[in-house]
Amino acid sequence: MTIVPARLEQPVSIALSGPDNAGKTKQIALLARRMGPAACGGGPLEAHDPRWERIKSAGMGSWWFETGPVEEVADVLACSYLERSRGVASAPVRLLDRGIPMLEASVAATVAVREELTSPAAADRARTLLAPYAEDLAAAEAAEHSVVLMHCQDPAEGTRRALSHEASITQTYAAYQRHLHDQVARLVADGRFAQTITVGKRPTIAVQDEMRRRLHPLAPGIPARALPGVRVVALGGLSRVGRARPASTCAPDTGTPASRSATSSRTAPAAAESRTRTRSARSCRPS
């Protein structure tokens, strides 16, 4: 008897892109924590090119915007993205922080600031700088399912929201963010992302829920929802001011031990994921 080995499903690579402070890293962390061993990451870009160690020791910001030749900046970024894309997935779903289109957006925003270019001229310059890698980049981009998180549809307002999360802002970084939002909006209009999710002012868990609903058809291991219809309310205050009493009276209870047990068993999974969301929200670099 001939034994035919079972066909292994091709791993799915999902790349979450978007401008700074749109929640990419946070949303990936939430989904990865929920999926456990069914998902793996690609690691930070700095882990995929040994030159980053020298760059970081000398000061990444100054290298990026001042001292590093733009050809070198493009080369280091392109090589990092490509090396990451060649990595072997250790799980059915591979979650990547920033997809291939963000490489073009980042390089375009960088040269716009450094060479004082308009957005269209910066896009042309970025394509020229990345031309030596075009074939490999196209193949890597085709292998990703790319999703972009946008603060909103207006690049100017998106820039304002991104910068509002920063403790201190230099003129260079603010200009970079303005150009980055313009470039990401251009890529969205050009159809470079499979899906676009607008964050707006929604809670983190609401964005996670939409992301899961959109990604679930790609792989069965991706949960279909994230606390749908649940509103999380946090009660604060000093000790012995009665936080626990109103919280305990909110749960439906008919007064019988059986009903209390049933209520606890129904709410435990939601509570666990709510705690996960709260912990991840406590954690919070250019794209």
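Because the model is predicted, local features need pLDDT of at least 70 and side-chain atom pairs count only at pLDDT 80 or more, while totals for chains, interfaces and linings use all residues. Residues are numbered from 1 along each chain as its sequence is written, and side-chain values use heavy atoms, with hydrogens and water left out. The largest nonpolar core has 39 residues. The structure holds 19 salt bridges.

**Helix H1**

- H1 covers residues 24-35, twelve in number. Helices (H or I, at least four residues) and strands (E, at least two) are DSSP runs, numbered from the N terminus.
- From first C-alpha to last, H1 reaches 17 Å, close to the 16 Å expected at 1.5 Å a residue. The expected span is 1.5 Å times one less than the number of residues in the helix.
- Lys24, Gln27, Ile28, Leu30, Leu31 and Met35 are the buried residues of H1. Buried means under 20% relative accessible area, exposed over 50%, and partly exposed in between (1.4 Å probe, protein chains only).
- Seen down the axis of H1, these buried residues fall within an arc of 160°, so they line one face of the helix. The arc is that of the directions from the helix axis to the C-beta atoms.

**Lys24**

- Lys24 sits in helix H1. Lys24 is buried yet has no salt bridge.
- A salt bridge is a side-chain nitrogen of Lys or Arg within 4 Å of a carboxyl oxygen of Asp or Glu.
- Lys and Arg count as positive, Asp and Glu as negative; His and the chain ends are not counted.
- A polar atom of the Lys24 side chain lies 2.9 Å from the backbone oxygen of Pro19.

**Nonpolar core**

- In the largest nonpolar core, Leu103, Val107 and Leu130 have the most contacts. Such a core is a set of buried Ala, Val, Leu, Ile, Met, Phe, Trp, Tyr and Cys residues joined through side-chain atoms within 4.5 Å.
- Elements that each supply at least two residues of this core include helix H2 (51-58), helix H4 (70-85), helix H6 (119-129), strand E4 (144-150) and helix H9 (171-189).
- H5 gives the most to this core, with ten residues.
- In soluble globular proteins, nonpolar side chains tend to be buried together.

**Helix H3**

- Trp63, Trp64 and Phe65 are buried in H3. Seen down the axis of H3, its buried residues fall within an arc of 165°, so they line one face of the helix.
- Glu66 and Thr67 are exposed on the other side of H3.

**Salt bridges**

- Glu104 and Arg186 meet through their side chains in a salt bridge (2.8 Å, N to O). The pair links distant parts of the chain: Glu104 in helix H5 and Arg186 in helix H9, 82 residues apart.
- Glu104 counts as buried because its relative accessibility is 9%. Arg186 also counts as buried, at 19%.
- A network of salt bridges links Glu104, Asp124, Arg127, Glu141, Arg186, Asp190 and Arg192.
- Glu71 and Arg125 form a salt bridge (3.8 Å, N to O). This pair also links distant parts of the chain: Glu71 in helix H4 and Arg125 in helix H6, 54 residues apart.
- Glu71 is partly exposed, at 46% relative accessibility. Arg125 is partly exposed, with a relative accessible area of 24%.
- Glu83 forms a salt bridge with Arg86, with the closest N and O atoms 3.3 Å apart. Glu83 is partly exposed at 38%, and Arg86 is partly exposed at 49%.

**Positive phi in loops**

- Asn21 has a phi near 60°, a positive value in a residue other than glycine. Asn21 lies in the loop between strand E1 (12-17) and H1. At 25% relative accessibility, Asn21 counts as partly exposed.
- Glu116 is not a glycine, yet has a positive phi of about 55°. Glu116 lies in the loop between H5 and H6. Glu116 is exposed, with a relative accessible area of 73%.

Methods. Polar contact = N/O pair within 3.5 Å; in protein donor to acceptor, adjacent residues only side chain to side chain.
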